[in-house]
Structures are given as structure tokens and as C-alpha cells.
Amino acid sequence: QVQLQESGPGLVKPSQTLSLTCTVSGLSITTNYYTWTWIRQPPGKGLEWIGAITYAGGTFYSSSLKGRTSISRDTSRNQLILQLRSAAPEDTAVYYCARFDCSDFDCYAGYNGLDYWGQGSLVTVSS
């Protein structure tokens, strides 16, 4: 059974880096051919894709966040790491990590290919 759990500070000051860790259990994050992704949901708004990292370590980012987003992994701890620099109040959201299980490229365009999700972690950016 694959499980994902987000962790990190619930409060971040503006201009600082928002950092979250997703610990994956039940499956190595290097297992072919899965892709691991970060998604967020601001209060009262819909889901927003942040970026992803593949089983091989390749990364993809939302065009709106690419300039200040870094997704990496710690394979020894089987963890995914999200860093969002220059955090602002607009970055306040519930942050999720999830897994893509896709057999074709078009699957990545939506959320239907996400079969496992973390429970979500609320991060508030405020002074």
C-alpha cells in the first residue's frame, strides 16, 4: 500500500522559503515509471498544479511558479521536497503531494492519473 504524507512548517513569513517534505512509504520513488507531483489549493479556490519529478529525477514546473520553485528528492529517505522561494500571502494553501500512474503522455494534463494523494498540509504565509 502506497502512502504519502506531507510535513513541514505550518507558518512561513513573507519573503522566506516555503519548504515541505513528502514522505513516501510502500514504494520506492525511483520505481519505473511513476511521476510524483505537488499540487496546492488556496482557501476557497481550486487545485493548482505546482510541478513534478519523475522516477528518474527529471522535473517539470508550472509556468507561473517555475521561477521560484524547486522540486527535488532524497532517495535515501524516500522523500520528495518542495521549495517555494519568496513566499507571499497568496501562497497560503493546502499543499498536497501525489503520484501519477500514467501509461500515456496525455494523462499528465489532468488529475485523473493521480492514484495516491497525501492528506494535505496547510501552509499559511503571514507575518
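Visitor: In which loop is Ser15 found?

Guide: This is a predicted model in which local features need pLDDT of at least 70, side-chain atom pairs count only at pLDDT 80 or more, and totals for chains, interfaces and linings use all residues. Residues are numbered from 1 along each chain as its sequence is written, and side-chain values use heavy atoms, with hydrogens and water left out. Strands are DSSP runs of E with at least two residues, numbered from the N terminus. On that basis, Ser15 is found in the loop between β2 (11–12) and β3.

Visitor: What is the phi of Ser15, and is Ser15 buried or exposed?

Guide: Most residues other than glycine have a negative phi. Ser15 is not a glycine, yet its phi is positive, at about 85°. Buried means under 20% relative accessible area, exposed over 50%, and partly exposed in between (1.4 Å probe, protein chains only). Because its relative accessibility is 59%, Ser15 counts as exposed.

Visitor: Is Asn78 buried or exposed?

Guide: Asn78 lies in the loop between β7 (69–74) and β8 (79–84). Its phi is also positive, near 55°, in a residue other than glycine. The relative accessible area of Asn78 is 13%, and therefore the residue is buried.

Visitor: Which residue does a cis peptide bond join to Asn32?

Guide: Most peptide bonds are trans. Here omega is about 0°.

Visitor: How does Tyr111 count in terms of relative accessibility?

Guide: Tyr111 has its place in the loop between β9 (93–100) and β10 (114–117). Because its relative accessibility is 31%, Tyr111 counts as partly exposed.

Terms used
Helix = DSSP H or I, 4+ residues; strand = E, 2+ residues; numbered from the N terminus.
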